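Morning, everyone. I'll talk you through a few side chains and a pair of strands.

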Amino acid sequence: MQTYTNYTPDDQTVWQLLFSRQMAQLPGKASQAYLDGITATGFRSDRIPDFERDLNPRLRQLTGWRVQAVDGLIPNHDFFELMANRNFPATTWLRQRDQLDYLPEPDMFHDTFGHVPMLSNQAFCDFLAALSQIALRHIDSEEAIAMIARLYWYTVEFGLIQEGDQVRIYGGGILSSPGETTYSLVSHEPKRIPYAVETLLKTPYIIDHFQEQYFVIESYEQLYQSVSQIEATVESLLVSKIGYFCQLHSLHSVNQC
């Protein structure tokens, strides 16, 4: 659980530094849904969010979601089960002053500032819950979970959206990173590719430096409406992989798969 009284004055200062730095550059770069969500969820520069007193009452009224405090990275089953039940897992520890620009695992700033404002958007929330239900149905398949992790990475964490004639950011991994916020939109190095379910499910992702490609959705409704295609494609790719290994096996054995 989040014990709010454990946060020190220095923690509050670190939050303020991180919040103010990102908010100075997000207008014109972040999705309008995200910027609206900052206001709707009550985020402030001078105060670390209190999950139970600040965030959850607002989220319940907006979309029926809530933030669930967790100790850190949690097992796949626990992660997807929480989100299938409309609970977003967020750690409660905050990076230190010497970690303002980089840390190897997500902290509370990433989990809350990066992701929670988007939980004010109903279509996005419905997509998260439905995707998590698919994951739970395939939770014992490493191949299926790997595919879903790729899609989650390139949408929820590092997704871009077309808004009018501009591309904007909605992925929490970008929104909480000052360097990647600019890189994802301005740099000529990465590819920016229209959202395509099968391509996402097959595309490996990068964890130790900026992405080499980003996928651009047309709307949050497009994400939610693609859920049935996601499930069908995951199942099709699993069947194809099983068939491929069966063919290899049959070349070396008279037994049939």
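Start with Pro 194. Its bridge partner in strand 6 is Val 216. Strands here are DSSP runs of E, at least two residues, and helices are runs of H or I, at least four residues, both numbered from the N terminus. Strand 5 covers residues 191-194, strand 6 covers residues 213-217, and the two pair in the parallel sense over 4 bridges. For strands to pair, DSSP must find at least two bridges between them. How does the chain get from strand 5 to strand 6? The path goes through helix 10, and this β-α-β crossover is right-handed. Right-handed means this: point the strands away from you, and the path from the first strand over the helix to the second runs clockwise.

A word on the source. This is a predicted model, where local features need pLDDT of at least 70, side-chain atom pairs count only at pLDDT 80 or more, and totals for chains, interfaces and linings use all residues. Residues are numbered from 1 along each chain as its sequence is written, and side-chain values use heavy atoms, with hydrogens and water left out.

Stay on helix 10, residues 197-202. Glu 198 and Lys 202 form a salt bridge there, at 2.8 Å from N to O. The rule: a side-chain nitrogen of Lys or Arg lies within 4 Å of a carboxyl oxygen of Asp or Glu. Why about one helical turn between Glu 198 and Lys 202? Because they are 4 residues apart in the helix. Glu 198 is partly exposed at 38% relative accessibility. Lys 202 is also partly exposed, at 48%. The cut-offs are simple: buried is under 20% relative accessible area, exposed is over 50%, and partly exposed is in between, using a 1.4 Å probe and protein chains only.

How many salt bridges are there by this rule? The count is 9. Side chains of opposite charge can pair when their charged atoms come close. Take Arg 21 and Asp 101, with 2.6 Å from N to O. Arg 21 sits in helix 1, while Asp 101 sits in the loop between strand 2 (87-91) and helix 5, so this bridge ties together parts 80 residues apart in sequence. Arg 21 is partly exposed, at 30%. Asp 101 is exposed, at 63%. Another bridge joins Arg 44 to Asp 46, with the closest N and O atoms 3.0 Å apart. Arg 44 is partly exposed at 43%. Asp 46 is partly exposed at 45%.

Now the rings. There are 17 aromatic pairs. Rings of Phe, Tyr and Trp (its six-membered ring) pair if their centres lie within 6.5 Å; planes under 30 degrees apart are stacked, over 60 edge-to-face, and the rest tilted. Phe 19 and Phe 113 have ring centres 5.5 Å apart and planes at 75 degrees, so they are edge-to-face. Phe 19 lies in helix 1 (residues 9-25) and Phe 113 in helix 5 (residues 108-115), 94 residues apart, so the pair links distant parts of the chain. Are these two buried or exposed? Phe 19 is buried, at 7%. Phe 113 is buried too, at 0%.

Last stop, Arg 86. This residue is not a glycine, yet its phi is positive, about 65 degrees. Find Arg 86 in the loop between helix 4 (76-84) and strand 2. Its relative accessible area is 27%, so Arg 86 is partly exposed.
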